[in-house]
Amino acid sequence: MLPESYDWRYRVISSLLSPRDNPAHYWLAAAGLGLSGVLMLPLVEYLRRYLKTIAPRTAKVSAGAFILGIIALICASFVVPRDADATFKIEQLHEFLGRSAAGLLAIGMLCACWCTWKGRAQLPFALSWVWSVVTVLPLTGLFVSKALLVLTRIEPSWAAPIRAALRDSVFWYLGFWEWTGAAGVFVFLCAAVFLTPAQAQETAPSRTEA
């Protein structure tokens with residue numbers, strides 16, 4: 001629907017939300033992202049109740065980080081540059097809200113992972129494994145890419161080889177990490193719903209009988 005082609009591997013989500021970049025259908029992307037944030041809120045309470053029996057304080061921190069991240073996400077979907085002459089402050093605010101949402105959601109996911117690691121003896125192994133994969137792996141990849149970017153600034157002589165090696169790779173582009181993170185959050189919340197102990201107990205007799 002964009003005036004020009006959109007490749008999720010290289011372009012950021014903000015391009016879909018901006019009336020400047022997507023004048024005809026920006027409202028659809030903004031409404032979808034905002035609605036996604038609203039629909040995540042009940043799952044946050046579900047997670048808090050589920051994890052508080054293992055680590056009450058960490059469960060509260062996780063829920064608080066999720067709620068703040070969702071609020072920042074909803075705000076970021078509507079605070080966007082609206083024309084070519086938009087002030088730099090609007091772009092800065094949108095970038096701040098977007099990064100805050102990503103960081104807070106990551107904190108919430110890490111705290112939830114810590115709870116599953118702590119209570120791994122009483123929780124399904126699949127839940128801990130899925131949460132760890134969709135949380136730690138993307139964060140590790142993002143951290144490595146940012147570390148390489150910092151190295152190019154600290155040691156300019158390393159900039160050319162690093163850029164030459166990664167310039168044609170999707171790992172060099174923020175858009176790839178944004179979409180990967182969005183998919184990770186989705187899988188994380190799906191695992192919280194479908195890999196609960198109650199369902200694991202329901203399937204236990206059939207495995208035993210088999």
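**Exercises on a nonpolar patch and aromatic pairs**

In this predicted model, helix α2 supplies the largest share of the nonpolar patch, namely 4 residues.

**Exercise 1.** Determine which residues form the nonpolar patch on the surface and which elements give two or more residues to it.

*Solution.* Step 1: the patch is formed by L35, V38, L39, L41, I67, L68 and I71, which together have about 620 Å² of accessible area. Step 2: two or more residues come from each of α2 (26-51) and α3 (56-76).

**Exercise 2.** Classify I67 as buried, partly exposed or exposed.

*Solution.* Step 1: I67 is placed in helix α3. Step 2: its relative accessibility is 37%.

**Exercise 3.** Describe the aromatic pair of W8 and F176 by its geometry and by its place in the chain.

*Solution.* Step 1: the centres of the two rings are 6.0 Å apart and the planes form an angle of 25 degrees. Step 2: stacking requires planes under 30 degrees apart, so the pair of W8 and F176 counts as stacked. Step 3: W8 belongs to the segment before α1 (14-17) and F176 to helix α7 (residues 174-194), 168 residues apart. Step 4: W8 is partly exposed at 42%, whereas F176 is buried at 13%.

Terms used
Residues are numbered from 1 along each chain as its sequence is written. This is a predicted model: local features need pLDDT of at least 70, side-chain atom pairs count only at pLDDT 80 or more; totals for chains, interfaces and linings use all residues. Side-chain values use heavy atoms; hydrogens and water are left out. Patches are made of residues with over 30% relative accessible area and no salt bridge: like charges are joined within 9 Å, nonpolar side chains (Val, Leu, Ile, Met, Phe, Trp, Tyr) within 5 Å. Accessible areas come from the Shrake-Rupley method with a 1.4 Å probe; for residues, only the protein chains shown count as cover. A salt bridge is a side-chain nitrogen of Lys or Arg within 4 Å of a carboxyl oxygen of Asp or Glu. Buried means under 20% relative accessible area, exposed over 50%, partly exposed in between (1.4 Å probe, protein chains only). Rings of Phe, Tyr and Trp (its six-membered ring) pair if their centres lie within 6.5 Å; planes under 30 degrees apart count as stacked, over 60 as edge-to-face and the rest as tilted.
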